[in-house]
Amino acid sequence: METIEYTPTFEQYAWTFGGVQPIMSVKPGTALRLWTEDAYSGRIRKAEDLPSVCVDMNHVNPQTGPFHVEGAEPGDTLVLHFVDLEPARDWGVSTTIPFFGGLTSTDKTATLQDPLPEMTWIYHLDRDKKSLTFEALRSEFRVDLPLEPMLGTVGVAPGGREVRSSLVPERFGGNMDSPEMRAGATCYLGVNVPGALFSIGDGHYRQGEGEACGTAVEGAMNVTVIVELVKGGAPAWPRIEHDDSLMAIGSSRPLEDAWRIAQVEMVRWLGELYSLDPMDGYQLLSQTAKAPLANVVDTNYSSVVKLAKDLLPVSSAYDGIHQHLRAAAATLH
């Protein structure tokens, strides 16, 4: 397959979904080897660097793209198979930011409390052990954690001439912050505009479900992704397929509405796969689903519903394209 390598300059980053001209056009079946910058635009590099001093809020969450996919039309399904996610630096960074995070007052949940302290943690990467070292700032505690690279942001341009910040997750994907968006995952997104115009970014070296403090272990990433296209069949909300599971992601506020969206999308998917009546799908989902949180800190919250394939009859989502892309990915190593 054709393989294209692309590393953007700062001037070439996208900061929104929608409203940005494509950086290049690619054919379905193309493999892309891409470089993505971290959410801070690389401006935090040591524990003494604080977001309020170092980070320009107009330049957070830079995206690599958008890419125009030849032949993609509204109503089609963009397919992105993530072959490999490799940290591009030997360190990652996480911070607490005033009035941002899951356990502090925010601009939307206002209280008369002062913000939590602004702090920066640097995580050093051991490539041989495939681990990251957490070092406490206020004690001698330290612990090694497994390296689990993921992408916080994967999305397409919204429809209706809409332009959304790269900080926002919604039905077009965006800043969903799900640890399920990892190597080996196939992401399905509904196409809203000609060419789909997809972008990716916000690499995380690891992240707990929910992204509680508002930031993961943020880091620049080398990403290998195969781009494919299914004509028609656009999902209403993002879907993910792993070798062992099927997932749907909903994003909204309050959190229970994000959960509801993901559940409804999975009922729809069960209907497509097994011709199940929605009530039967609802019942089956109720007895089999797991519901990991993706984020509870962004402009919208994101909730995942996850079904284990071994609980279900054998099926072939999107005519088995996940299995096809897994095989194609093996030829790239």
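Reader: How should I read burial at Ala196, buried or exposed?

Author: Burial is judged from relative accessible area, where buried means under 20%, exposed means over 50% and partly exposed is in between, with a 1.4 Å probe and protein chains only. At 0% relative accessibility, Ala196 counts as buried. This is a predicted model, in which local features need pLDDT of at least 70 and side-chain atom pairs count only at pLDDT 80 or more, whereas totals for chains, interfaces and linings use all residues. Residues are numbered from 1 along each chain as its sequence is written, and side-chain values use heavy atoms, with hydrogens and water left out.

Reader: Which peptide bonds are cis?

Author: One joins Gly65 and Pro66, with omega about 0°, and Pro66 is placed in strand 5, residues 63-69. Another runs from Arg253 to Pro254, with omega near 0°, and Pro254 sits in the loop between strand 19 (245-252) and helix 2 (255-274).

Reader: Which residues line the largest cavity?

Author: A cavity is a set of points, on a 1 Å grid over the protein atoms alone, where a 1.4 Å probe fits but cannot get out, and its lining residues have an atom within 4 Å of a point. The largest cavity holds about 40 Å³ of space, and its lining consists of Thr16, Phe17, Gly18, Gly19, Val20, Pro66, Ala157, Leu197 and Ser199. Strand 2 (16-17) and strand 16 are the elements that give two or more residues to this lining.

Reader: Which residues of helix 4 are buried, and what do they pack against?

Author: In helix 4 (residues 321-330) the buried residues are Ile321, His322, Leu325, Ala328 and Ala329. They cover an arc of only 120° around the axis, which puts them on the same side of helix 4; the arc is that of the directions from the helix axis to the C-beta atoms. These buried residues pack against strand 6 (77-87), strand 15 (186-190), strand 17 (221-230) and strand 18 (239-241), with contact meaning heavy atoms within 4.5 Å.

Reader: What does Thr36 contact, leaving aside neighbours within four places in sequence?

Author: Thr36 lies in strand 4, residues 30-36, and is buried, with a relative accessible area of 0%. With those neighbours left aside, Thr36 is in contact with Thr64, Ile200, Gly201, Gly203, Ala220, Met221 and Val223.

Reader: How many disulfides are found in the whole structure?

Author: A disulfide is taken as a pair of cysteine sulfur atoms within 2.5 Å, and a search of the whole structure finds zero. Cys54 is in no disulfide, since the nearest cysteine sulfur, that of Cys213, is 17 Å away. Cys187 counts as buried, at 0% relative accessibility.

Notes:
Helices (H or I, at least four residues) and strands (E, at least two) are DSSP runs, numbered from the N terminus. On a 1 Å grid over the protein atoms alone, a cavity is a set of points where a 1.4 Å probe fits but cannot get out, and a pocket is an open set with protein on both sides within 12 Å along at least five of seven lines; lining residues have an atom within 4 Å of a point. Grid points are joined across faces, edges and corners, and a volume is the space filled by probe spheres set on the points.
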